[in-house]
Amino acid sequence: MISEAENEFLTRVGPGTPAGDLLRRYWQPVAVTADLSPDKRTKRIRVLGEDLVLYLTDENTYALVAESCAHRRVSLYYGFVEGCEIRCPYHGWKYDSTGQCVEQPFEQENRRARERARIAGYPVRAYRGIVFAYMGPGEPPVLPQWDVLDRRDGHLTLFVEKDLRCNWLQPMENAVDTVHTFWLHGHTMHVKGIDRGSYYYRPIEKYSFEQFEWGIIKRRVYRDTTGAVEEETGHPLVFPNILRLPEGPLQAMHWRVPVDDEHTMLIRAGLRPDKPGEERVHDEEPSVVRLPSEMTADGDHAMDTFTSQDRMAWETQGAVYDRTKEMLGAEDKGIAMYRRLLRQQIELVQAGADPMALIRDPDRAKVTFDVSQGQARVAVAEGRV
Ligand code: FES
Ligand SMILES: [Fe+2]
């Protein structure tokens, strides 16, 4: 249980909020490149409580600016893309990719006034089919080349789920909730007669958590029906809002990006490595799968997949889970550790320092997590881009 003030401190994401300021220090995925094309040049996106328009420039790059024009607040979603700039559809004010107004066709030439007409504009980078944005102050850090995205020895698929109808911290706390897998996944699959949950339907004998340079490592020890013991590590929470895990044959990364306080964007990347002897040449652009809603016609969670089961748990905690009413136990050690870490890192940002897991040195841009099911070690390697 935490106080109401602490709950607000950790969950709110709008401009100027403590957690919002922390999350803005990291490159965040905000769209997939497949969302835009020469026929569809603009996309409305809401990230960290800000309404923005992403557009595809004539140079095939991306730009991200505030949705509302500085003049009379009309949406730039309907704007005209001209070169790397965007022109408002109402009276033609034009903005560059930093959000600076560069033209006001019906105004007297007045440079001062034009310079004051400024909307938000954020740096964006397209990498392996994902558009990443940096919404923080100062020089952006190096864009991490996570192994799942960077590897070319397998097929990469991006999965875009329906936005989650709850605060971002709920899925992230779940990333350090190691024992939920027995009942929520193992047992639910068992009672529904689905065999996909058997891995998790084994008694968990021990579990522990350890902070490391990139976030939190979890350890879990299973005892199976024959009495054999299996120690497992391999689902690190990568600070602040990523889960890295093996997912069947896939090496996966899940981003949970706040849309606003009560909604969260879910983007997953899954790399299916080639089998030895079956190496293939893969397209540079990954395939994109847009996952359908997993709600039944009655509006219930279908509960027959891992994603539906997790979504049920996160959404039924409430739009912004009220942590003043919970009863944490020993099983929630990982959650308490993550909240402590989050507070610590927010305070670092407030003191003007860089938080953890932020890359400033290009020599450290390539980050490889060697994780697999049933493996008792997370090996991290770093290298130059
Ligand atoms: S509202 Fe955009 S130019 Fe007038
Ligand atoms: Fe889960």
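A residue counts as buried when its relative accessible area is under 20%. The views below come from a predicted model.

**View 1. Arg 128 lies in a loop between two strands.** The strands on either side of this loop are β10 (124-127) and β11 (130-133). The relative accessibility of Arg 128 is 6%, under the 20% limit, so Arg 128 counts as buried. Its phi is near 50°, which is a positive value in a residue other than glycine.

**View 2. Leu 48 has a positive phi.** The value is near 50°, and the residue is not glycine. Leu 48 is found in the loop that runs between β2 (42-47) and β3 (50-56). With a relative accessibility of 1%, Leu 48 counts as buried because the limit is 20%.

**View 3. Residues 27-133 carry a UniProt annotation.** The record, an unreviewed entry, labels this stretch "domain: Rieske". Over residues 27-133 the chain is 41% strand and 6% helix.

**View 4. Four strands form an open sheet.** Strands of a sheet pair through backbone hydrogen bonds, either parallel or antiparallel. Here the order is β5-β6-β7-β8, and the pairing is antiparallel. The edge strands, β5 (80-82) and β8 (101-103), each pair on one side only. Strand β5 is joined to β6 (residues 85-87) by 3 bridges in the antiparallel sense. In this pair, Phe 80 stands opposite Arg 87 of β6.

**View 5. The side chains of strand β22 alternate between two faces.** This strand covers residues 366-370. Which of its residues are buried? Val 367 and Phe 369 are buried, and they point to one face. Strand β12 (residues 145-146) runs parallel to β22, and 2 bridges join them. Trp 146 stands opposite Val 367 of β22.

**View 6. Helices α6 and α7 cross at roughly 130°.** Two packed helices are described by the angle between their axes and the distance between the axes. Helix α6 covers residues 180-191 and helix α7 covers residues 306-316; their axes come within 10 Å. The angle makes α6 oblique to α7. The crossing of α6 and α7 is right-handed. On α6, the contact is made by His 180, Leu 184, His 185, Thr 188 and Met 189. On α7, the contact is made by Phe 306, Gln 309, Asp 310, Met 312 and Ala 313.

**View 7. Helix α7 has buried residues that pack against other elements.** The buried residues of α7 are Ser 308, Gln 309, Asp 310, Arg 311, Trp 314 and Glu 315. What do they pack against? Their partners are the helices α5 (169-174) and α6, together with the strands β19 (250-260) and β20 (263-273). Two of the buried residues, Gln 309 and Asp 310, also take part in the contact with α6. After α7 comes Gly 318, which has a positive phi near 115°.

**View 8. The peptide bond from Phe 239 to Pro 240 is cis.** Omega of this bond is near 0°. Where is Pro 240? Pro 240 is in the loop between β17 (237-238) and β18 (242-247).

Notes: Residues are numbered from 1 along each chain as its sequence is written. Chains are lettered from A and ligands numbered from 1 in the order in which they are written. This is a predicted model: local features need pLDDT of at least 70, side-chain atom pairs count only at pLDDT 80 or more; totals for chains, interfaces and linings use all residues. Side-chain values use heavy atoms; hydrogens and water are left out. Buried means under 20% relative accessible area, exposed over 50%, partly exposed in between (1.4 Å probe, protein chains only). Two strands pair if DSSP finds at least two bridges between them. UniProt positions are given in the numbering used here, feature names are shortened, and annotations may be inferred rather than shown by experiment. Axes are lines fitted to C-alpha atoms, for helices over the stretch in contact, and angles run from 0 to 180 degrees between N-to-C directions. Angles under 35 degrees count as roughly parallel, over 145 as roughly antiparallel, 65 to 115 as roughly perpendicular and the rest as oblique. A crossing is left-handed if the near helix is turned anticlockwise from the far one by less than a right angle, and right-handed if clockwise. Contact means heavy atoms within 4.5 Å.
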